[in-house]
Amino acid sequence: MTIQQKTMSSRAWAELFLLSLIWGGSFLSIRVALDEVGFLTAVAHRTGWAMIILWIYICLRGLPIPRDPRVWGAFLVMGLLNNVIPFSLMAWGQLHIETGLVSILNAATAIFGVIAAAIFFADEQLTARKLIGVTLGFLGVATAIGLSSLVTFDLRSLGQLAVLGGTISYALAGVWARKKMGNLPPQVAAAGMLTGASLITIPAALWFEGPLDFTLQPRTWAAISYYAIVATAFAYLLYYRVLGMAGTGNTMLCTLLVAPVAIILGAVILGEDLSLQAYAGFALLALGLLVLNGTVSLRRSRTARP
């Protein structure tokens, strides 16, 4: 993962904050939907509706639709790695742990992304700065989870491990995207990815949880609409726009901004109360991410000598 630093304009900052607010709210909306639908059904709604919205956008923009079967095969794998596995694991995890804690552990995506890039790409070796950032990130994850969760395997600890599994899948998806999808317009890549994901999630939901129920409560439909249309379809388009303006290094800051939004919403609306170790873990994770993207410099400034 090459870290690109760009000067942030006020517009870039505004859209970065908007994206963080949108993704921060997704954790709450998913948890609300899970009160009435199964986690696989929740994921099927997310990928299916977002897929439709993005293909409509692509048709309206007149963007080219890939015809090579190998590209569609890449979409299927990307959908599995970037949507099916992480969305499902994190949705299941939210049944057993707080939404705020899910958002904190989700911040580990960038940490695993650096490691995956170093393993698969010769030009992404672990520098001293990256090693320090990754180490701080792992300490943050371990602190947020707590040592007790590493030796006892109840549903809460399994929920936390499921969320971490999702972040590892996200990291591998980044590797796959660079290898197989770098030449595609990002909007087309996102739509194709969601199509591949929907080909898996919709049959899985039907098989394991039964036919989709369209007589859901209004609050459930509102939650589904938010996380599928706003926090997935629209957020993907906004993400690539912010990425183009801010670069990957600055866009990484979004990961840090998402967690506080999710924590506040979980506390105010769901009455969640996170432990001090969760906040301490997030502080270490945040420091690790700031070291990774170069915001926190490890070099000591030299005092000028006469």
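The accessible surface of the chain comes to about 14,700 Å², and 67% of that area belongs to carbon and sulfur atoms; such areas come from the Shrake-Rupley method with a 1.4 Å probe, and for residues only the protein chains shown count as cover. This is a predicted model, in which local features need pLDDT of at least 70 and side-chain atom pairs count only at pLDDT 80 or more, while totals for chains, interfaces and linings use all residues. Residues are numbered from 1 along each chain as its sequence is written, and side-chain values use heavy atoms, with hydrogens and water left out.

**Overall form**

- The chain has 12 helices and zero strands, where helices (H or I, at least four residues) and strands (E, at least two) are DSSP runs numbered from the N terminus.
- Along the sequence, the pattern reads α-α-α-α-α-α-α-α-α-α-α-α.
- For 306 residues, a compact globule would have a radius of gyration near 19 Å, and the chain agrees with this at 19 Å; the radius is taken over C-alpha atoms, and the globule rule is 2.2 Å times the number of residues to the power 0.38.
- Taken along the principal axes, the box filled by the C-alpha atoms of the chain is roughly 75 × 45 × 35 Å.

**Burial, contacts and core**

- Of the 306 residues, 50% count as buried; buried means under 20% relative accessible area, exposed over 50%, and partly exposed in between (1.4 Å probe, protein chains only).
- Among contacts (heavy atoms within 4.5 Å) between residues at least 6 apart in sequence, 89% join residues at least 24 apart.
- The largest nonpolar core has 82 residues, of which Ile104, Leu105, Tyr227 and Leu289 touch the most other members. The largest share of this core, 11 residues, comes from α10.
- A nonpolar core is a set of buried Ala, Val, Leu, Ile, Met, Phe, Trp, Tyr and Cys residues joined through side-chain atoms within 4.5 Å.
- Leaving aside neighbours within four places in sequence, Tyr227 is in contact with Ser29, Ile30, Ala33, Ala42, His45, Arg46 and Thr232.

**Charge**

- The chain carries 19 positive and 12 negative side chains, and the centres of the two sets lie 18 Å apart.
- Lys and Arg count as positive and Asp and Glu as negative, whereas His and the chain ends are not counted; the place of a charge is NZ of Lys, CZ of Arg, CG of Asp or CD of Glu.

**Helices α6 and α12**

- Thr143 lies in helix α6 (residues 128–145) and counts as partly exposed because its relative accessibility is 27%.
- Gln277 belongs to helix α12 (residues 276–292) and is likewise partly exposed, at 36% relative accessibility.
- Not counting residues up to four places away in sequence, Thr143 touches Gln277, Ala280, Gly281 and Leu284, while Gln277 touches Thr143, Ala144, Ile145 and Gly146.
- Asn293 is placed in the segment after α12 and counts as buried because its relative accessibility is 2%.
- Asn293 and Pro86, 207 residues apart in sequence, are 23 Å apart in space, C-alpha to C-alpha.

**Helix α10**

- Met245 lies in helix α10 (residues 218–251) and is partly exposed, with a relative accessible area of 26%.
- Although Met245 and Ser9 are 236 residues apart along the chain, their C-alpha atoms are separated by 8.1 Å.
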